[in-house]
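Okay, thanks for having me.

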Amino acid sequence: MAAKAGDNPDSLMALTTAFCLRNLRRTMCYLGERNKLCLRSDVFLPSEICDKLVNTYMELVHMDSNFEPQDGFFQLFSDPHSTRLTRVQLREDFVRDRDLEAIGKQDLIELHLTYCNNLSAHSLRTLTRFRQTLVSLSLFGCSRIFYRKGGAPLACDEEEEEERPASRQVPDTDFSFQGFNRLRLLNLGGLPEEVDAEALLKPLPALTSLDLSGVPLPKAAFLAHWKERLASLVLYNVDLSEELINTVVELGHLRHLDISRERTSKFKMTRKILTAIVQGLVNLVSLDISGHIMLDNCTVPHFEEAMGRPRPHKHTKRNRRALKHVARKNRLSSGSNTHYRVTGSKNEDQVLNAIEAYTEFRPELAHRAINQLFDIARIQHCSQLLRALQLVIAALKCHKYDKSIQVTGSAALFYLTNTEYRSDQSVRLRRQVIQVVLNGMEQYQEVTVQRNCCLTLCNFSIPEELEFQYGRVNRLLLKILEPARQDESIQRIAVHLCNALVCQVDNHHKEAVGKMGFVKTMLNLIQKKLQDRMCDQVMEFSWSALWNITDETPDNCQMVLFCQGMLGFEFPDKQELHRNMLGLLGNVAEVRALRPQLLTPQFISVFSNLLDSKADGIEVSYNACGVLSHIVFDGPEVWAMEEPLRDTVMDKMMDAIQSWDVTSRRNINYRSFEPILRLLPQSIAPVSQHWATWALFNLVSVYPSKYCPLLIKEGGIVLLEKVLELQTSHEGTKDMARKVMEQCENFKEDPMETTR
């Protein structure tokens with residue numbers, strides 16, 4: 001059998017790392033003085049494990065709402081004699097100055113800090129501790145790291161710093177990269193305008209890769225300082241000038257150049273400029289000029305002319321073959337040329353290349369590319385499903401707090417997980433989709449994101465595929481349904497999902513969801529619809545959800561009555577709702593302690609009248625009779641009403657049962673016969689016994705493979721034998737009991753029956 005998309009299991013290393021992080025005190029740590037988390041004295045962790053622990057910890061903090069961050073986690077890596085860190089990636093506001101300081105004694109080779117807006121100039125001092133070993137450093141989006149707060153001493157308490165207004169922040173002008181002699185790769189994307197890039201970079205002798213995305217460069221000539229070494233230069237969203245272009249062309253060792261932009265610019269790309277770049281930088285492998293307005297009809301033929309026609313000239317031929325990746329919105333290069341790897345919007349391959357290239361540092365471009373993937377999956381067909389899903393999942397993880405990415409990503413996931421693609425997806429991959437969808441629902445209480453996420457969840461088998469996140473998904477759906485006024489489409493989808501989630505799950509799941517406020521939420525929706533005199537799908541699904549969640553769960557049945565959603569309201573005129581409402585009341589009636597609350601003239605009259613209902617086949621009549629069967633089973637002494645009389649109701653019940661077709665196919669699902677079986681061997685209410693026997697006869701006759709084994713397993717045959725022994729049992733009841741027993745006996749004797 002062919003492997004499905006994303007079928008590879010997690011590695012043992014990944015599973016072990018996650019387990020240790022979720023169970024630190026049970027594996028490698030203990031609680032020391034003042035409840036401080038400490039590493040056990042007999043533990044030594046090499047860099048391969050430490051790097052994995054820290055990087056996985058960051059991922060769990062941002063991606064798993066069930067994961068509890070550990071105060072003092074980074075302190076575990078403070079001693080290089082017991083732990084070794086070499087390559088660390090930290091993201092977002094979660095990272096604080098004290099975290100970086102905690103690992104200050106480590107010999108870091110790579111340190112990538114991305115959008116760490118809670119780092120201040122205090123962390124710049126910490127960076128100097130790594131100057132002897134650091135080879136790769138990223139401070140992308142960490143603009144506040146270059147500021148002191150309020151001019152306060154660097155040693156001030158971090159909590160005090162946070163209380164100071166941001167307006168009092170002042171640039172730190174003392175820091176430089178002096179002594180970072182091994183630093184080769186540096187990303188300063190988003191460097192503040194107040195920081196002098198030239199002064200900051202000048203002490204670095206060995207740079208080979210530099211990213212200055214969005215950094216103002218009024219004087220660019222200083223870049224020529226690295227013209228003999230620089231192999232990669234990223235100037236995304238940097239305002240270009242003639243001086244800057246002339247300087248770039250001098251960097252003859254460049255293999256990767258990115259002068260693309262997302263916003264408009266006064267600078268215009270001409271054929272002359274492009275020619276100068278391509279002919280001057282003969283070692284280029286990758287060129288990105290996307291977003292520029294092209295002048296002089298500078299299209300593909302002119303670009304090829306700039307590079308030179310294929311001919312045996314050493315520099316031109318090497319340059320043409322090396323230029324494998326060209327990204328440009330107006331299709332600078334043809335996707336059919338095997339020498340180029342193109343990002344753009346022309347075809348699926350270009351779109352996926354764009355998502356892959358731009359996700360980490362250019363969410364605005366990744367957003368556009370994901371939007372184009374959405375159109376491909378919706379209108380055409382996605383031929384690279386695994387790659388597409390993995391890229392969208394990665395983008396949603398990387399930009400959990402970016403609304404535009406969450407909107408387009410969740411929309412794309414809806415189409416990439418629908419029926420057309422489902423057979424090609426593994427369990428593991430679909431679980432990853434569910435995780436990022438729930439992350440989006442958690443982060444954004446906004447209509448478009450919520451709708452997209454809810455619709456995407458509808459593509460999964462419920463409750464089976466969502467069970468691994470059962471409590472979390474229910475909490476999120478109930479939160480969506482909390483407001484009295486909610487977007488109608490989201491409300492309808494969320495209630496549908498809630499109903500599906502409590503159908504065919506174990507009772508402990510139902511009880512847990514009930515304690516979350518499920519019952520109250522559904523009743524609030526119903527009462528709001530009654531007030532508005534609306535009977536729609538939300539009303540129907542809400543009743544169905546209550547029917548499902550109260551099945552064999554007395555606590556939830558009690559909540560239904562306690563919330564006062566049942567008492568005193570009038571049933572809607574819509575008959576299709578009666579089955580759901582009576583199913584719910586049937587569950588309540590199965591709880592002996594709650595039955596007295598149903599024993600009122602109003603309820604009994606309604607149930608009695610519904611015995612004659614033909615709505616939904618026999619279902620409404622059957623459920624009404626089931627409710628009454630449990631009530632009359634309590635005996636005449638509890639029937640305190642003068643009207644209607646108990647005997648009158650029981651006669652009407654018998655007439656209704658005799659009018660039903662025993663071969664009726666049912667719109668009902670029993671997981672246990674226990675509530676029915678308790679009505680069998682008794683003489684206090686023969687009509688209840690008759691209803692229970694008819695129910696069993698119908699089910700084992702129409703669905704023998706499902707219900708014969710269930711009846712045998714739960715001891716129903718012994719109870720039916722007792723029915724035959726009772727003198728109070730009606731002859732019709734005994735006759736049905738014999739037929740039920742015969743049906744089960746025939747089922748056991750016929751081996752073919754078990755394969756139905």
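So, how many salt bridges does the count come to? It comes to 27. Keep in mind that this is a predicted model. I'll walk through a few of them.

Let's start with arginine 40 and aspartate 42. Their side chains meet in a salt bridge, at 2.8 Å from N to O. And how accessible are the two partners? Arginine 40 sits at 34% relative accessibility, so we call it partly exposed. Aspartate 42 is at 56%, and because exposed means over 50%, that residue counts as exposed.

Next up, arginine 91 and glutamate 92. These two form a salt bridge as well, with the closest N and O atoms 3.4 Å apart. Buried or exposed, this pair? Both arginine 91 and glutamate 92 are buried.

Now over to lysine 529 and glutamate 488, whose side chains meet in a salt bridge at 3.2 Å, N to O. What I like here is that the pair links distant parts of the chain: lysine 529 belongs to helix H22, residues 518-531, and glutamate 488 to helix H20, residues 488-501, and the two are 41 residues apart. On accessibility, lysine 529 has a relative accessible area of 6%, and since buried means under 20%, lysine 529 is buried. Glutamate 488, at 35% relative accessibility, counts as partly exposed.

Last one, and here we go beyond pairs. Which residues are linked in a network of salt bridges? That would be Asp258, Asp288 and Arg362. Have a look at those three on the screen, and that's it from me.

Technical notes:
Residues numbered from 1 in each chain as written. Predicted model: local features only at pLDDT ≥ 70, side-chain atom pairs only at ≥ 80, totals over all residues. Heavy atoms only, no water. Salt bridge = Lys/Arg side-chain N within 4 Å of Asp/Glu carboxyl O. Buried < 20%, exposed > 50% of the residue type's maximum accessible area, 1.4 Å probe, protein only. Helix = DSSP H or I, 4+ residues; strand = E, 2+ residues; numbered from the N terminus.
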